[in-house]
Amino acid sequence: SSKRGLLLRAFLMILLTECLSRPNALKKVSLQTCCPQKGRFITVEAIKDGQQEKAVLLGPEMEQQAWSCFRLVYQLIGSASLQVQRRVEKDSFDHVLWSSSSPSDSWLMVSIDLQNYSDPYKIVLEGRPGSSKDSSVSIFNVNISDKYCIECDFEESHLCGYTNQWNSNINWYVGRDTADNTTPSDGPGDSFRLKLFSELGHYMYVDSVYASSLQEVAKLVSPMTTVPMSGCLSFQYQQERVGSHLFQLYSRDQAGQYQELWRADGSGGNSADWGAETQMVFEVSFNSVKGGHVLLDDISFSPELCSAESANCDFELDLCQYTQNKLKDSEMWKRVSVRPNIYREGDHTTGTGSFLLANSHFTLQTGYVSRLYGPQLPGDQKYCLKFFYLLRGFHQNSQALAVYLYDGERAKQNEIWTQSEKTQNIWIQVELNLQSEKNTQVVFISICNSFGNCGPVGLDDISVNLGNCELPLGKITITNELFDYTHNTQIHADWVLTRGSTPTSYTGPKGDHTTGTGHYLYIEASLMLPGHNARLLSMLLRGSKGAQCLKFFYHMYGLGTGQLSVLLRSQPEGRDRLLWVRRGEQGISWFKASVNYQYDHQHQIVFEATRGSSIRSDIAIDDITFQKGPCKGVSCALLYIIYINNIPIILCYN
């Protein structure tokens, strides 16, 4: 008996209970649709002495790259409380994702968005039964799916946490398609069948036949979002008697404030931007009992823009969805690919690809305007526009490039930015926050007034994203702080942090790769002897059973350029292993490197630059990125598997 009491105090009586074998449990909780005829749930009950103990369930370790949704079916009785936490091994505390202490007389579902965390973690469920008599915490179902929590195809009985806001007359119901097309009790019936879907299944519907008065409203409410989100919410729907009802989508915050996002009459867009603790409300209002019906299915979410015509383009293959004036002689922007040399840069994307060029020798004439139109962007949204431009040649041009917002409905354009930087032959980044009440287009304009004021201008890597501009996550941009990177003090020289051009002529970059005006790291060859090197060590990196991707940009320009190597330094063995290498002058541009490798244990990445035969041997690096999974679009020219103390390392040479 004492041993059993000790177990009760240690584990707070976590029980596995069969629904049908415990009729008393059915009296305590209302299982309804959440509990099948036969099933199990776990519970934590208050112990007799009323101590404030807690019970903890620890999930398996998770390594994820994509966004996912954690769903939990639970019930709280009395003074009980429940928390969902995220535990990271290197952190000294757990991060609370969600908590509740509100009792209920039925099973409830909570949906929690799990973002693309970079560190492995575990989900922790912490239940506290409280001190009051008969208090308990019960958990029926735990599920993790690789979707956003607001996404749903309505095939599961829990409906992804979507709920109908009850109305005495009209409500949302679950409909079903069948092969024989006879479903009068499961949906609007044969004449109302939903024909948008390629597979038979379930959907949600609301029908005016149940309306008894004017302005009857049915509301389908999504689960509450737990983190801020912005992107494209898409769904499929079908209407009958369109003019007799109104179908709208709202966001509703925790205070109950509504904001219209979309309506079926075609106004507005599907792009949305909302904070945490927000719900989506699909609302249908009928004017009469003959108001028809609305069917809804396949709700999905993407962090990208809603428009199928993407506004992002690197011009590697074509102009994407960017267009020029229809008149042939006005198409002054040309897609070009040049071999970098001492006088001209390559493209910004890779250093060897394509970009757009205005006022080139292909179109060198005076008194014209080059216009490049982007795809249409939905109105009433905030956008971040980013692009890179390059001034070439020896001509001064005060109107080399400007950006406008074009309102096609009113045929009006407003200038939002104009080029002022005079630095030539370096890619400069521009970031602009955009907002327009109406649908709009971004227009890039270059003006050529005369031969003496008409220098060529390049344009590359245009991107448009929802929300205001901010530094992307997971990317290490070299700034005036070196993060966790350290120098190897036993080597001949150090990497130098700088901006702009290097002191020695005819070697080194003219600016960084990130923005053209920021920082980068380089070796100053004039302070080193031939063969001397400098090493930069990364922070300690955890091993992974899967492939990992290292990306960075490098600059190796100068007649006497030496060698740049990327090495893997492992704990089991003191010597380093070569992952990637380049020797000699590569060109005047920044070039992109992608390195695939796999290593099971803790390690460091080492960037080693070796000085060449002359002082014109500066080597620079910038924009270092580590990603889980293999590098996209990178194949291995040579693949080696080596063993260090019986630990395999996979090396990929390109």
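Rings of Phe, Tyr and Trp (its six-membered ring) count as a pair if their centres lie within 6.5 Å.

**Entry 1: the ring cluster**

I am working from a predicted model. I began with the aromatic rings and found that ring pairs link Phe235, Tyr237, Phe247, Trp262 and Phe282 into a cluster. A search of the whole structure gives 29 aromatic pairs. One of them is Phe235 with Tyr237, a tilted pair with 6.1 Å centre to centre and 50 degrees between the planes. I checked how covered these two are: Phe235 is buried, with a relative accessible area of 12%, while Tyr237 is partly exposed at 28%.

I then turned to a pair elsewhere, Phe355 and Trp427. Stacked or edge-to-face? Planes over 60 degrees apart count as edge-to-face. The planes of Phe355 and Trp427 stand at 85 degrees, with the ring centres 5.4 Å apart, so this pair is edge-to-face. Phe355 sits in strand β21 (residues 355-358) and Trp427 in the loop between β25 (412-418) and β26 (428-436), so the pair ties together parts that are 72 residues apart in sequence. Both Phe355 and Trp427 are buried.

**Entry 2: the nonpolar cores**

Next I looked up the cores. The largest nonpolar core holds 32 residues, and Tyr162, Trp172, Phe247 and Phe282 have the most contacts inside it.

What does Trp172 touch, leaving aside its neighbours within four places in sequence? I listed its contacts, among them Asn164, Met204, Tyr205, Val206, Ala218, Lys219 and Leu220. The list also includes Phe247, Phe282, Val284, Val294 and Leu296.

There is a second, separate core of 31 residues, which includes Trp333, Val430, Leu432 and Ile462.

Strands of a sheet pair through backbone hydrogen bonds, either parallel or antiparallel. Here I have an open sheet of five strands in the order β10-β13-β18-β15-β16, with antiparallel pairing. Which strands are at the edges? They are β10 (163-165) and β16 (258-263), each pairing on one side only. From one strand to the next, the twist averages 30 degrees.

I zoomed in on the β10 end. There, β10 pairs with β13 (residues 216-221) in the antiparallel sense over three bridges. Gln165 has Lys219 of β13 as its bridge partner. I had already met Lys219, as it is among the contacts of Trp172.

**Entry 3: the disulfides**

A disulfide is a covalent bond between the sulfur atoms of two cysteines. I count four disulfides in the model, and I looked at some of them in turn.

Cys152 is joined to Cys160, S to S 2.1 Å. The torsion about this S-S bond is about 75 degrees, so the disulfide of Cys152 and Cys160 is right-handed. Cys152 counts as buried at 4% relative accessibility, and Cys160 is buried too, at 6%.

Cys313 and Cys320 form another, with their sulfur atoms 2.1 Å apart. This link has 80 degrees about the S-S bond and is right-handed. Is each end buried or partly exposed? Cys313 is buried at 4%, whereas Cys320 is partly exposed, with a relative accessible area of 34%.

Cys549 and Cys631 are joined as well, S to S 1.9 Å. With 105 degrees about the S-S bond, the link of Cys549 and Cys631 is right-handed. This pair links distant parts of the chain, 82 residues apart: Cys549 is in strand β34 (residues 548-556), and Cys631 is in the loop between β39 (619-628) and β40 (638-644). Cys549 is buried at 1%, and Cys631 is buried at 5%.

**Entry 4: one last residue**

I finished with Phe607, which I found in strand β38 (residues 603-610). Phe607 is buried, with a relative accessible area of 0%. How far is it from Ser538 in space, C-alpha to C-alpha? I noted 8.4 Å for Phe607 and Ser538, which are 69 residues apart in sequence.

Definitions and conventions:
Residues are numbered from 1 along each chain as its sequence is written. This is a predicted model: local features need pLDDT of at least 70, side-chain atom pairs count only at pLDDT 80 or more; totals for chains, interfaces and linings use all residues. Side-chain values use heavy atoms; hydrogens and water are left out. Two strands pair if DSSP finds at least two bridges between them. Helices (H or I, at least four residues) and strands (E, at least two) are DSSP runs, numbered from the N terminus. Axes are lines fitted to C-alpha atoms, for helices over the stretch in contact, and angles run from 0 to 180 degrees between N-to-C directions. A nonpolar core is a set of buried Ala, Val, Leu, Ile, Met, Phe, Trp, Tyr and Cys residues joined through side-chain atoms within 4.5 Å. Buried means under 20% relative accessible area, exposed over 50%, partly exposed in between (1.4 Å probe, protein chains only). Contact means heavy atoms within 4.5 Å. A disulfide is a pair of cysteine sulfur atoms within 2.5 Å. Rings of Phe, Tyr and Trp (its six-membered ring) pair if their centres lie within 6.5 Å; planes under 30 degrees apart count as stacked, over 60 as edge-to-face and the rest as tilted.
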